[in-house]
Amino acid sequence: AFPPPISSAAMTSLKEICRGLPLYPLPENRGRRKGIPHAPVRTPNLTAQEKKLALRNALRYFPPEIQKKLALEFAEELRLYGHIYMYRFFPDIEMRAYPIGDYPCKTKSAAAIMLMIMNNLDPSVAQFPQELVTYGGNGQVFSNWAQFWLVMHYLSEMTEEQTLVMYSAPRLIITNGMVIPNYSTRDEYEKMFALGVTMYGQMTAGSYCYIGPQGIVHGTVLTVLNAGRRYLKAEDLSGKVFVTSGLGGMSGAQAKAAVIAGCVGIIAEVDEAALLKRHKQGWLMEISNDLDHCIARLSDCQCLLQVTTNASYHLYMLNVSSFSFMNIYRAITNNMELHEVYLLQPIFLLYSRDARKNKIALSLGYHGNVVDLWERLVYELDTTGELLVDLGSDQTSCHNPFSGGYYPVQLGFEEAKQLLSTNPGKFRTLVQESLKRHVAAINRLADKGMFFWDYGNAFLLEAQRAGADVEKKGANKTEFRYPSYVQHIMGDIFSLGFGPFRWVCTSGDPQDLATTDSIAMSVLEDSIRQGVSTSVKQQYHDNIRWIREAGRHSLVVGSQARILYSDQRGRVSIAVAINRAISEGRIKAPVVLSRDHHDVSGTDSPYRETSNIYDGSAFCADMAVQNFVGDAFRGATWVALHNGGGVGWGEVINGGFGLVLDGSTEAEERAKMMLSWDVSNGVARRCWSGNDYAYETICQAMKEKATLKVTLPHKVVDENILEQALKH
């Protein structure tokens, strides 16, 4: 968290935040705060003229009489950090989601948006709060602090007759990174961000809808559970081992998800601050920088040894992580002073499989590079014949591999950061070499029965570009040696209409959240009683279990928020029930509905959300754009459309929304119209591409809603007619 203000009297109030940019007098420039994580230094490689342009763009927020003073420090920020964040204007306030009634606004909708913005910048939620990065290494809420002050001011002044439009910059319309396609490259992005003309909003960072890692916890729980069902044919994952990497803004969810799913999770992370943050939150049970310890938690062995020294003869029972001479010698010499060991004679070997054998749910954070962890698992396989891992994935920020999203195994963390700022070309080379080693170790373990999937972070895409062995022979260009988690796991869930639906209680009262939890469970249980298909019933049961267990797992970080995966029927019914509870006074203040952009309809991403679209349209972005526009027409409070998110700039178009429920009949009607469209749009597209689950789901939706009309595809029954026709 940020250091506390100098005094309570000096702290900026919400009322002051809403007055606009503080210019007379200028606030003190304290620069980067110490003791908190900061974004990696960016290397946009601007020319002299482009540096002038970046400064000119930054100064246009300020009147001429103060531009000279600000120009010097902005130029220094650009030189030191590769971007102008305007640290002088970092507000001296406890950044968090305040109760909605505390915001000095003319409309509840605007106050709800302000609450969501401040939650996304809360240090307990945001990855690099002073650089306005919520998650993913570069997922910006705003490009600089001047934008924060201006937006908060405009929102406080808005009436019901006004709309706030932001270009990277309903009630609020947001676009982030909308670049002419031929110029949507990483190099162009670095330059445009440095110039201050666009930004990378990730998914829910730039739409103000991020709720902390709870969202990805739930998605990861469902992914791991369904991976166990698909790959291991197991409903119970106790004693199974899941190895992955990343404990940052999104990836930090993996530790908690492993425990909720009941398995042993070992998660590598190079940044100690990220490990300590997750451990302090209670999401990570253990931390170790010792690979011997990590392996011992999977496969301890006890060995009775006869040891002869120059002084005497001994028998020792020792715990060693694997039966090798060096491990035994290390264990002996660490336990006694020996001038010389003449003989080490193993008498017998007993295995005690600790967390794995005893089926203890465990989250262990390895402070080190994940490549070292994977290569150590290969070593254990080669020396003991044991495969110690069942499931594997990766959540490094590989969408941003050459700007701090992935650190090469050849260097320590601090050394790598230094190289990134001084020699980005060399850094890039080391990253690509590291990716090849990374994949080689995974391939070795997968050949022996481990199941690995890409988590939609562009890991396999970047590994392929680095020259790693990830090719799948005879496949199309969105397929690799290992599947995307969408292709094998989440894609069918999306096709059923299920995705990450969420809400935020703007009162800030945990009791309101408990009330909404109870409402959601009742709605899903009622739906099951009314009759649903077997596949839908399983999803409902998974989500009822999730809500029941949510309280005891301390999932709330920042605002009082909840997420669950629901289909169209569930979302609409939950929204209507919550809105009526607000009207009846059972919930004290409005509730903001939203979802992750990573959803049924929200994202066109050929290497993730639409990677299981096989009709050739995976690279088309119509669905996400149609969703953005359709949500705006049907009553969303705010909408957002982004280039980039998840797999990286230029690789995806995604959109999202916020919808404020205030207890009114108008809010109920908006929820019914908008949420129905928000789901059916994507299910219809997936149906047209040939997905059987989506076909069944959209047919059911048309039965339930007579006004919904969708063109259904006809399958080619006789494939031979294709060959015959092409021969002519």
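Two residues are in contact here when heavy atoms of theirs lie within 4.5 Å. The model is a predicted one.

**Asn-369**

By that definition, and leaving aside neighbours within four places in sequence, Asn-369 is in contact with Ala-268, Val-270, Tyr-407, Pro-408 and Val-409. Asn-369 is found in the loop between strand 11 (362-367) and helix 13 (370-384). With a relative accessible area of 8%, Asn-369 is buried. One of its contacts also involves polar atoms: the backbone oxygen of Tyr-407 lies 2.9 Å from a polar atom of the Asn-369 side chain.

**Nonpolar cores**

The largest nonpolar core has 149 residues, and those that touch the most other members are Phe-62, Phe-74, Phe-89, Ile-117, Phe-148 and Trp-503. Helix 4 (residues 108-120) supplies the largest share of this core, nine residues. Another core, of 57 residues, lies apart from it and includes Trp-374, Phe-402, Phe-427 and Met-450.

Which residues does Phe-62 touch, not counting those up to four places away in sequence? They are Leu-21, Leu-23, Gln-67, Leu-70, Phe-74, Met-86, Phe-89 and Ala-146.

**Aromatic pairs**

The structure holds 29 aromatic pairs. Two of them are set out below.

| Pair | Centre to centre | Angle between planes | Arrangement |
|---|---|---|---|
| Phe-62 and Phe-74 | 5.8 Å | 50° | tilted |
| Tyr-81 and Tyr-87 | 5.7 Å | 90° | edge-to-face |

Phe-62 lies in the loop between helix 2 (48-59) and helix 3 (64-81), while Phe-74 is in helix 3, so their pair ties together parts that are twelve residues apart in sequence. Both Phe-62 and Phe-74 are buried. In the other pair, Tyr-81 is buried at a relative accessible area of 17%, and Tyr-87 counts as buried at 3%. Elsewhere, ring pairs link Phe-90, Phe-142, Trp-145, Phe-148, Trp-149 and Tyr-208 into a cluster. Phe-148 of this cluster is also among the residues that touch the most other members of the largest core.

**Cysteines**

How many disulfides does the model have, with a cut-off of 2.5 Å between cysteine sulfur atoms? The count comes to zero. For Cys-18, the closest cysteine sulfur is that of Cys-105, and the 5.7 Å between the two sulfurs is too far for a bond. Cys-18 is buried, with a relative accessible area of 6%. Cys-398 also counts as buried, at 0% relative accessibility.

**Helix 19**

Helix 19 runs over residues 510-530, 21 residues in total. At 1.5 Å a residue it should span 30 Å, and its end C-alpha atoms are 31 Å apart, which agrees.

After the helix comes Gly-531, whose phi is positive, near 105°.

The buried residues of helix 19 are Asp-512, Leu-513, Thr-515, Thr-516, Asp-517, Ile-519, Ala-520, Met-521, Val-523, Leu-524, Ser-527 and Ile-528.

Key. Residues numbered from 1 in each chain as written. Predicted model: local features only at pLDDT ≥ 70, side-chain atom pairs only at ≥ 80, totals over all residues. Heavy atoms only, no water. Helix = DSSP H or I, 4+ residues; strand = E, 2+ residues; numbered from the N terminus. Expected span 1.5 Å × (residues − 1). Buried < 20%, exposed > 50% of the residue type's maximum accessible area, 1.4 Å probe, protein only. Core = buried A, V, L, I, M, F, W, Y, C linked by side-chain atoms within 4.5 Å. Disulfide = S-S within 2.5 Å. Polar contact = N/O pair within 3.5 Å; in protein donor to acceptor, adjacent residues only side chain to side chain. Phe/Tyr/Trp six-rings, centres within 6.5 Å; stacked < 30°, edge-to-face > 60°.
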